[in-house]
Amino acid sequence: MGGLSEATYTVTGGHSIHVKDAGSGPVVVFLHGSGPGASGASNFRDNWQVFVDAGFRVVLPDLIGYGASSKPEGIDYTLQLFADTVYEALLAHGIERASMVGNSLGGGIALQIALDHPGFAERLVLMAPGCIEEQAHYFTMPGIARMVSNFGGPDFNLDEQRRLVSNLVHPDFAANIPDALVQERFAVARTQPKDVLMRMRTPNLAPRLGELPNPMLVMWGLQDEFCPESGARHFLNAGCDVRTMTFNHVGHWVQVERAGEFNTHAIGFLRG
């Protein structure tokens with residue numbers, strides 16, 4: 001990725017967290033979602049440069065278990081583990097205050113960090129954020145059911161990786177997924193243990209949303225089959241300082257499927 005500097009930090013537990021960084025100005029931390037092969041740079045490949053061009057400093061961490069960060073086996077991948085390790089790496093990277101952009105699991109991590117470290121978090125942009133329903137409820141979603149695969153086994157191949165990525169988007173968009181994105185994720189997925197997905201443990205943060213004073217922009221695809229679009233109501237019902245936007249004919253990846261609109265709305269919101 002041109003224009004990105006890279007650094008790796010050792011955090012509590014001996015894990016290492018990899019961070020990419022570009023631009024200068026107010027800091028925006030992009031927190032990616034889960035799934036085989038996910039990483040910061042690949043999840044936001046259509047977004048980060050636009051934010052840099054708009055005058056922001058963009059920080060792209062790879063979550064524990066993903067990208068170029070540590071991928072330990074034999075542990076539970078809890079929301080607290082994700083939040084604590086990435087927060088520690090951000091502090092080591094010299095980031096003391098930031099707005100956060102998070103999709104899916106990354107949205108849940110942004111919420112957890114904002115709850116745990118209120119002095120750190122500024123504005124939040126969340127796309128189909130996770131961790132606001134009971135974990136069992138997510139497992140009833142059709143998209144998650146279709147993510148069952150031979151990931152982590154010797155038979156996992158590029159075609160299977162493409163199928164998994166295609167599941168994330170509306171069927172109308174699937175043909176637009178670039179081969180480079182599939183290959184990028186496949187290279188990461190081959191290094192990931194099954195525990196990354198099989199031992200993920202997430203709480204339901206919905207009862208705590210009302211504690212957050214942060215201005216929020218929440219975007220959702222109406223046809224999201226992973227995180228139910230009704231989740232936007234949790235923010236409204238909690239009385240958050242929130243604006244919600246719903247996109248028709250869009251699945252779980254607003255920032256990919258509607259990259260131009262996402263970039264425009266998110267940058268406008270971050271500028272206040």
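Buried means under 20% relative accessible area, exposed over 50%, and partly exposed in between, with a 1.4 Å probe and protein chains only. By that scale arginine 243, with a relative accessible area of 35%, is partly exposed. This is a predicted model, in which local features need pLDDT of at least 70, side-chain atom pairs count only at pLDDT 80 or more, and totals for chains, interfaces and linings use all residues. Residues are numbered from 1 along each chain as its sequence is written, and side-chain values use heavy atoms, with hydrogens and water left out.

**Confidence**

- The chain has a mean pLDDT (the predictor's confidence in each residue, from 0 to 100) of 96, and 99% of its residues reach 70 or more.
- Helices (H or I, at least four residues) and strands (E, at least two) are DSSP runs numbered from the N terminus.
- Confidence is highest in strand β3 (residues 27-31), at a mean of 99, and lowest in helix α6 (residues 142-146), at 88.

**Backbone: positive phi**

- Most residues other than glycine have a negative phi.
- Cysteine 131 has a positive phi near 70° and is not a glycine; the residue lies in the loop between β7 (121-127) and α5 (135-138).
- Cysteine 131 counts as buried because its relative accessibility is 3%.
- Histidine 249 likewise has a positive phi, of about 60°, and is not a glycine; its place is the loop between β10 (242-247) and α11 (254-257).
- Histidine 249 counts as partly exposed, since its relative accessibility is 48%.

**Helix α3**

- The expected span of a helix is 1.5 Å times one less than its number of residues.
- For the 14 residues of helix α3 (residues 79-92) this gives 20 Å, and the end C-alpha atoms are 20 Å apart, which agrees.
- Buried residues in α3 include Leu79, Leu81, Phe82, Ala83 and Thr85, and also Val86, Tyr87, Ala89 and Leu90.
- Glycine 94, which follows α3, has a positive phi near 90°.

**Salt bridges**

- A salt bridge is a side-chain nitrogen of Lys or Arg within 4 Å of a carboxyl oxygen of Asp or Glu; by this rule the count comes to ten.
- One of them joins arginine 45 to glutamate 184, with the closest N and O atoms 3.4 Å apart.
- This pair links distant parts of the chain, 139 residues apart: arginine 45 is in the loop between α1 (40-43) and α2 (48-53), and glutamate 184 is in helix α8 (residues 179-189).
- Arginine 45 is partly exposed, at a relative accessible area of 27%, and glutamate 184 is partly exposed at 26% relative accessibility.
- Aspartate 241 forms a salt bridge with arginine 243, where the closest N and O atoms are 3.0 Å apart; aspartate 241 is partly exposed, with a relative accessible area of 35%.
- Glutamate 261 and arginine 258 meet through their side chains in a salt bridge of 3.2 Å, N to O.
- Glutamate 261 is partly exposed, with a relative accessible area of 34%, and arginine 258 counts as partly exposed at 25% relative accessibility.

**Packing of α7 and α8**

- Axes are lines fitted to C-alpha atoms, for helices over the stretch in contact, and angles run from 0 to 180 degrees between N-to-C directions.
- The axes of helix α7 (residues 158-167) and α8 come within 9 Å and cross at roughly 110°.
- Angles under 35 degrees count as roughly parallel, over 145 as roughly antiparallel, 65 to 115 as roughly perpendicular and the rest as oblique; α7 and α8 are therefore roughly perpendicular to each other.
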